[in-house]
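Reader: I would like to learn how to read this structure feature by feature. Where do we start?

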Amino acid sequence: MVLKLVKFVFECGPLIFAVGFLWPLFAQIIGLADWVPPFGLSPLEMAFLLAMAFGLMAQVRGTWLWRQ
Amino acid sequence: MAMAAIDGVSVVTPSARVTHDVSGMSEAELIKLERAIANKHMGHVPWFSIVWCFANVAVWLSLWPLVLLGILPIWAAFPIATLNVMLCYLPSHEAQHDIIARPGQKLRWLNELVGHVSLIPLVLPFGVGRLTHLEHHKHANDPHLDPDHSTQASGPLHAIWKSIKNRQPRANGGLNSYGETLQRIGTPQANRAILTAVIYEFGFYSILFALAWSGHAIEAALLWWLPRHIGLTYIQFYLSWAPHHPATAKGRYRDTRAWRSRFGNILTMGMQYHVVHHLYPRIPLTRTPAAYWEMRPILDARGVQIDGL
């Protein structure tokens, strides 16, 4: 059971990393850069979209890189 | 500079270096001389590596309060942190080979402490590093059994690219292949190392996430996450790819090379003389150059790949 859970967490690594790290990282960068996101999005919402886009891409493709 | 024995085997070396005339020596004489040279350099406690370990980790740890309290700007701390990660592997490497102290010796506790503490910035458990590294020594350049064989590459840029590629979520090489190696070893020690690796991974990412969500994401990224990636690339480049390139031959005098780097010995972390380490892993890092220059005629006679050194 524990082993299965650990395996599942590792398999979802990119998504977890996106939510746990990239999301707040992008939000902090947007704030530091004084960038106003489009469509009335808040920095946190924009950061979430960016982080999830990268995370999903890495999750599906198995790599964070642009080419395999 | 002085010319050592003119026999086609000995080399021109600075006059301070000891050299040997090995022309006409039998197989038994060669191995006897090789061992005598190695013995001279073994059995010394590498105090430099011990100080290096604790100083390096102390500097890296001190960056955190300095940056978080606003005393040191993050742009200044980032290169220091990167350097710390680059430098953190080798003291542990000395401990992996029991160079500081062997089991049962008085300083054994220090050997184990250096092994563990040194690798903290790299987030590599000592047990994992030790077991997989000893497997690398046992099976150097074996595509199936050498856990570091995935660093094999056609040139420097390819080596950097492969190091990064091997760290991707679904990659099979680099650190990702260490789990497979540990499972193959299958001893209780290896199983414990797997468990420790899982705990380290969870610990590392939990700290990163906690820092990030408490408003210190950039600090976490530039003091640990990115330095770790740069450090791993550097370490795999100079400790794994360069000294074994082209990593196709196997055997005591074939699986590692001596090579001259345009960046010198310090920037390549002493790896120009890596062949000596593979022949006699218990010679401390700082003594491998001297041992190499003494052994060079023997290595040459043995057909070791010597690229400009």
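Author: We start with the core, and with a definition. A nonpolar core is a set of buried Ala, Val, Leu, Ile, Met, Phe, Trp, Tyr and Cys residues joined through C-beta atoms within 7 Å. Keep in mind that this is a predicted model.

Reader: Which residues touch the most other members of the largest nonpolar core?

Author: The general idea comes first. In soluble globular proteins, nonpolar side chains tend to be buried together. Here the largest core has 64 residues, and A:Leu22 and B:Ala220 touch the most other members. Both chains contribute. H2 and H3 of chain A each supply at least two residues, as do H2, H3, H4, H6, H8 and H9 of chain B. H9(B) gives the largest share, 19 residues.

Reader: What is B:Ala220 in contact with, leaving aside its neighbours within four places in sequence?

Author: B:Ala220 contacts B:Leu208, B:Leu211, B:Ala212 and B:Trp225. Another core, of 16 residues, lies apart from the largest one. Its members include B:Ile37, B:Trp293 and B:Met295.

Reader: Now the overall form of chain B. What radius of gyration does chain B have?

Author: Compare it with the value for a compact globule. For 309 residues that would be near 19 Å; chain B has 21 Å, which agrees. Its C-alpha atoms fill a box of roughly 70 × 45 × 45 Å along the principal axes. Chain B has 12 helices and 4 strands. Of its residues, 45% count as buried. Among contacts between residues at least 6 apart in sequence, 63% join residues at least 24 apart.

Reader: How do I read one helix? Which residues of H1(B) are buried?

Author: Think of the turn. An α-helix has 3.6 residues a turn, so residues three or four places apart point the same way. In H1(B), the buried residues are B:Glu34, B:Ile37 and B:His41. Seen down the axis, they fall within an arc of 65 degrees, so they line one face of the helix. On the other side, B:Ala28, B:Glu29, B:Lys32, B:Ala36 and B:Asn39 are exposed. Helix H12 (288-302) of chain B is part of what covers the buried residues. H1(B) has 15 residues and reaches 22 Å, close to the 21 Å expected.

Reader: How far apart are B:Arg17 and B:Trp293, in sequence and in space?

Author: They are 276 residues apart in sequence and 6.7 Å apart in space, C-alpha to C-alpha. B:Arg17 sits in the loop between E2 and H1 of chain B. With 17 C-beta neighbours inside 10 Å, B:Arg17 counts as partly exposed.

Reader: Last, the backbone. Which residues does the cis peptide bond join?

Author: Most residues other than glycine have a negative phi, and most peptide bonds are trans. Here a cis bond joins B:His245 and B:Pro246, with omega about 5 degrees. B:Pro246 lies in the loop between H9 and E3 of chain B. B:Ala247 is also placed in the loop between H9 and E3. B:Ala247 has a positive phi of about 60 degrees. B:Ala247 counts as buried, with 23 C-beta neighbours inside 10 Å.

Conventions
Residues are numbered from 1 along each chain as its sequence is written. Chains are lettered from A and ligands numbered from 1 in the order in which they are written. This is a predicted model: local features need pLDDT of at least 70, side-chain atom pairs count only at pLDDT 80 or more; totals for chains, interfaces and linings use all residues. The radius of gyration is taken over C-alpha atoms; the globule rule is 2.2 Å times the number of residues to the power 0.38. A residue is buried if 20 or more other C-beta atoms lie within 10 Å of its own, exposed if 12 or fewer, and partly exposed in between; C-beta atoms are placed from the backbone. Two residues are in contact if their C-beta atoms, placed from the backbone, lie within 7 Å. The expected span of a helix is 1.5 Å times one less than its number of residues. The arc is that of the directions from the helix axis to the C-beta atoms.
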